[in-house]
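I opened the model today and kept notes as I went. The entries are in the order I looked things up.

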Amino acid sequence: MSLRTFSCRILSKLLNPGSPPAAAAVRGYHGAGRPRCPGPGGAAHVRVVDLRSDTVTKPGPAMRQAMAEAEVGDDVMGEDPTVNDFQKIAADMFGMEAALFVPTGTMSNLIAVMVHCRERGDEMIVGDLSHLHIYEQGGSAQLAGVHATTVTTLPNGTFDLEQLESKIRHGYPDPHYPRSRLICVENTHNIQGGRVLPLSFLQEVRALADRYGLSVHMDGARVMNAAVFQGVTPSTILQHTHTVSVCLSKSLGAPVGTILAGPREFVAQAVRCRKALGGGMRQAGVLAAAGKVSLLDMVGRLEEDHCNTRTFAQALLQCDPALFAVDMAAVETNILRFSLKDPSLSPAEFCARMGQVCDGEEAALGQGIQVLMYPYFGNSVRAVWHLGISPEDTQLAISKMQFVVSQYMKEKLGVQ
Ligand SMILES: Cc1ncc(COP(=O)(O)O)c(C=O)c1O
């Protein structure tokens, strides 16, 4: 370890006395435990640009005011006017008969699986890199008794339709086989870097599902980003699915909450499952008021996140020396995945360097800048833009990236 790197780590420790060591664990399929990137909390003169996730957003003044002023009632009794109003707005916006406000995306997906796959041992078909399959603790098996079979997630988040069709079971009621019930798609695709599912793909998936009497559920945690990217209404996308789960607490900036929408009968069943899972909330209008602001006022600014993401991606590509591999055609929304071409600079080390303030940094950049991002699947790095990141923050992140690269090259070449 060079003296410079060593002093860098000491300084990082001083600035973040509570933070874990700088080496970051990969947040991937086999990642062990919590990622160990330093969290925010540096000294006052250090700017933090937090690109770990769009879940880190905090409600702004207008949202907090709406929450404070919300009319509330007991929502388990169906008496919260703000929740009722919000659910109606969401159903209309998504082109669905009804909608239900639930605490999280994970619960929403689980409820959808429970309602679509009513018999224990029913089977759903999911992408092998879907959030539902990888990051939701196998809740559908654990809590709903639903079996999953996987299809390969292609780099753009789609599946091969022949492979998808080959996964459909035809043996029922032969006691050897589960019964296929559900196909789940994810839009935008998280692990594949915010990729947007083409409308033609959704149309084909729906046609296949209709042919075999299956349902289609979309984990649309970020479907509003997809709609903005494609320049269509969300209902144009969702006409191809039976149900959808849309998170309010990611790009849309609410502190909590997800909408699950679909046919009236589906939502009536979903109310029962939500209660069984402990998700029946009482004066939830305080939270639904934030969700309303998310859906009505926050969608218009998503293009800004997409633009900032592209700006950073371009800067990576233009970096001299060419240390980064970025597929610009794959940069569609607010999630960026890129890899490092130099095997001696791992994604974990790059993230650690971006997240700490080094000797000479303040002199070079005018201030210390901590840029937080995660090492990710397939030896890559993931960075996510959101309403807490301005164009100026993006420029700071670019300056920091250029500084990290120049420090790394000096160390590599032994320049003092
Ligand atoms: C695609 C996708 N689906 C579902 C979820 C789960 O949402 P929650 O964290 O609200 O449970 C996430 C969270 O990041 C996600 O990215």
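The notes below go from the overall fold to single residues.

I am working with a predicted model, where local features need pLDDT of at least 70, side-chain atom pairs count only at pLDDT 80 or more, and totals for chains, interfaces and linings use all residues. Residues are numbered from 1 along each chain as its sequence is written.

**Overall.** I counted secondary structure first. The protein has 16 helices and 13 strands. Helices (H or I, at least four residues) and strands (E, at least two) are DSSP runs, numbered from the N terminus. Next I checked burial. I call a residue buried if 20 or more other C-beta atoms lie within 10 Å of its own, exposed if 12 or fewer, and partly exposed in between, with C-beta atoms placed from the backbone. Of the 416 residues, 50% count as buried. For contacts, I required C-beta atoms, placed from the backbone, within 7 Å. Among contacts with a separation of 6 or more, 73% are between residues 24 or more positions apart.

**Cores.** I define a nonpolar core as a set of buried Ala, Val, Leu, Ile, Met, Phe, Trp, Tyr and Cys residues joined through C-beta atoms within 7 Å. The largest one has 76 residues. Which members touch the most others? They are Phe94, Ala99, Ile111, Val113, Met124, Ile183 and Leu260. A second, separate core has 35 residues, including Ala348, Met354, Trp385 and Leu396. I then looked at isoleucine 111. Leaving aside neighbours within four places in sequence, isoleucine 111 contacts Val102, Leu260, Ala270, Cys273, Arg274 and Leu277.

**Ligand shell.** The shell consists of Thr55, Thr104, Gly105, Thr106, His131, Glu186, Asn190, Asp219, Ala221, Cys247, Ser249 and Thr258. By class, the shell has 2 nonpolar, 8 polar and 2 charged residues. Here Ala, Val, Leu, Ile, Met, Phe, Trp, Tyr, Cys and Pro count as nonpolar, Asp, Glu, Lys and Arg as charged, and the others, Gly among them, as polar.

I looked up the record. In an unreviewed entry, UniProt lists Lys250 under "modified residue: N6-(pyridoxal phosphate)lysine". Such annotations may be inferred rather than shown by experiment. Lysine 250 sits in the loop between strand 7 (243-247) and strand 8 (258-262). Is lysine 250 buried or exposed? Lysine 250 is buried, because 24 other C-beta atoms lie within 10 Å. Residues up to four places away aside, lysine 250 touches Asp54, Thr55, Ala221 and Arg222.

**Strands 5 and 6.** I count two strands as paired if DSSP finds at least two bridges between them. Strand 5 (180-186) and strand 6 pair in the parallel sense over 5 bridges. Valine 185 has methionine 218 of strand 6 as its bridge partner. Strand 6 (residues 215-219) is mostly covered, with 5 of its 5 residues buried. Ser215, His217 and Asp219 point one way from strand 6, and Val216 and Met218 the other way.

I traced 4 strands in an open antiparallel sheet, in the order 9-10-13-12. Strand 9 (324-325) and strand 12 are at the edges, each with a single partner strand, so one side of each lacks a neighbour in the sheet. Strand 12 is joined to strand 13 by 3 bridges. Proline 375 stands opposite valine 381 in strand 13.

Most residues other than glycine have a negative phi, and most peptide bonds are trans. I searched for exceptions. The bond from tyrosine 172 to proline 173 is cis, with omega near 10°. Proline 173 is in the loop between helix 7 (161-166) and strand 5. The bond from asparagine 187 to threonine 188 is also cis, with omega near 0°. Threonine 188 lies in the loop between strand 5 and helix 8 (199-212).

I found positive phi as well. Glutamine 137 has a phi of about 60°. Glutamine 137 lies between helix 5 (131-134) and helix 6 (139-142), in the loop. Glutamine 137 is exposed, with 11 other C-beta atoms within 10 Å. Asparagine 379 likewise has a positive phi of about 60°. Asparagine 379 lies in the loop between strand 12 (374-376) and strand 13 (380-384). Asparagine 379 is partly exposed, with 14 other C-beta atoms within 10 Å.

Methods:
A residue is near a molecule or strand if its C-beta atom, placed from the backbone, lies within 6 Å of it. Two residues are in contact if their C-beta atoms, placed from the backbone, lie within 7 Å.
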